[in-house]
Amino acid sequence: MIRFAVIGTNTITDKFLQAASALPDFKLCAVYSRTLARAQEYAQKNNVSLVFDSLEALANSDQIDAVYIASPNFCHAAQSILMMQHHKHVLCEKPIAGSLEEGEAFVRAVKASKQKCLVAHILRHNDSYRKIKSLIDDGVIGRPVLIRMAQNHHTMNWERYKKLLADCSPIIDCGVHYTDVAQWFTGQKITKVWGMGTTIESDAPTYNYGIMNFEMDGGCRGYYEAGWSKSTASCNLKEFIGTKGRISLTLSEMRDRDREEGDRIEIYHSDTGVYETINNISTYKNMYGQLMTLIDMIETDSDGDPTIDEVFSAFKAALLADKAIRENRILTVD
């Protein structure tokens with residue numbers, strides 16, 4: 001039995017608990033929030049006895065084995081480090097930190113700890129992304145040369161997104177997923193980043209639309225487009241182009257028909273002109289698979305998926321892309 005605490009009481013915490021409820025060896029024992037009343041309310045809703053508004057008290061509790069950290073991004077590094085120092089396993093939402101220095105401290109703490117830490121790069125546990133990774137590895141599209149990715153939100157709750165923007169830009173918040181995908185799919189490292197950004201809503205705390213361009217050490221290039229705005233249209237583009245064709249992904253909810261068939265993976269073979277379609281049943285945010293990965297790390301002493309080095313590499317690329325956009329220059333990722 002693994003006794004968990006949750007740090008943060010929001011929608012993504014609800015999704016985590018929904019997934020965890022399917023595990024017989026999982027027990028939610030404690031809830032933390034900076035606001036005691038909110039922690040008490042969340043604990044009562046989930047039938048939990050231990051309530052904390054002190055991170056130190058939670059860290060020192062001998063009734064907790066592991067924590068799920070779903071707090072604001074700028075809290076991730078300090079909270080994760082504290083919990084590992086007090087012998088707690090950690091599942092932490094991305095990104096790992098608000099600065100490069102904090103990110104480096106996070107990595108050092110993970111490597112120094114006997115406890116296990118998994119960062120929530122949820123696409124690593126998505127069956128459709130795993131399938132595309134397998135197809136690329138099998139040489140179906142030849143050598144990857146171009147990656148096109150976009151994730152734009154038409155924001156219906158602008159106040160919620162303003163709070164997210166006060167924490168960090170979409171290029172970092174969502175971008176860490178896709179810098180990781182680019183490196184994971186190709187086996188190449190991002191070595192150069194540049195781009196552009198603009199503020200669409202005048203009351204946005206930072207630029208709320210951006211394009212990150214990147215170059216990789218194996219010659220592949222690509223871009224990631226991200227915007228949270230009342231004016232932009234929703235867009236979800238994922239296309240991976242190689243010397244022998246391309247693979248594109250359409251999520252089930254974005255299909256114009258046959259949604260019950262799951263996600264659509266379309267392969268175009270440029271040597272024959274043949275199109276191939278794979279219908280793939282997949283959970284977009286596979287919280288269950290992610291949690292099972294952490295449990296496997298604990299039980300088998302494995303490094304997890306992604307490893308902390310892969311997490312940091314993706315984080316650094318996204319962080320430097322954000323810096324390059326703000327300073328209007330090209331930056332090298334070493």
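**Rings, a sheet and lone cysteines**

Tyr-129 is buried, and Phe-185 is buried too; here buried means under 20% relative accessible area, exposed means over 50%, and partly exposed covers what is in between (1.4 Å probe, protein chains only). This is a predicted model, where local features need pLDDT of at least 70, side-chain atom pairs count only at pLDDT 80 or more, and totals for chains, interfaces and linings use all residues. Residues are numbered from 1 along each chain as its sequence is written, and side-chain values use heavy atoms, with hydrogens and water left out.

On to the rings. Rings of Phe, Tyr and Trp (its six-membered ring) pair if their centres lie within 6.5 Å; planes under 30 degrees apart count as stacked, over 60 as edge-to-face, and the rest as tilted. That rule gives 11 aromatic pairs. Tyr-129 and Phe-185 make up a tilted one, with 6.1 Å centre to centre and 40° between the planes. Tyr-129 sits in helix α6 (residues 127-137) and Phe-185 in helix α9 (residues 175-186), so this pair ties together parts that are 56 residues apart in sequence. Helices (H or I, at least four residues) and strands (E, at least two) are DSSP runs, numbered from the N terminus.

Phe-312 and Phe-315 form another tilted pair, at 6.3 Å centre to centre and 45° between the planes. Both lie in helix α11 (residues 308-327), 3 residues apart, about one turn of the helix, and both are buried. Elsewhere, ring pairs join Phe-4, Phe-16, Phe-26 and Tyr-68 into a cluster.

Now for the strands. An open sheet is built from 6 strands in the order β3-β2-β1-β4-β5-β6, with parallel pairing; two strands pair if DSSP finds at least two bridges between them. At the edges are β3 (50-52) and β6 (117-119), each pairing on one side only. Strand β5 (residues 89-92) pairs with β6 in the parallel sense over 3 bridges, and Val-90 has Cys-117 in β6 as its bridge partner.

What about disulfides, and how many does the structure hold? The count is 0, a disulfide being a pair of cysteine sulfur atoms within 2.5 Å. For Cys-174, the closest cysteine sulfur is in Cys-168, 8.4 Å away, so it is too far for a bond. Cys-174 is buried, with a relative accessible area of 11%. For Cys-235, the closest cysteine sulfur is the one in Cys-174, at 13 Å, again too far for a bond. Cys-235 counts as partly exposed, at 27% relative accessibility.
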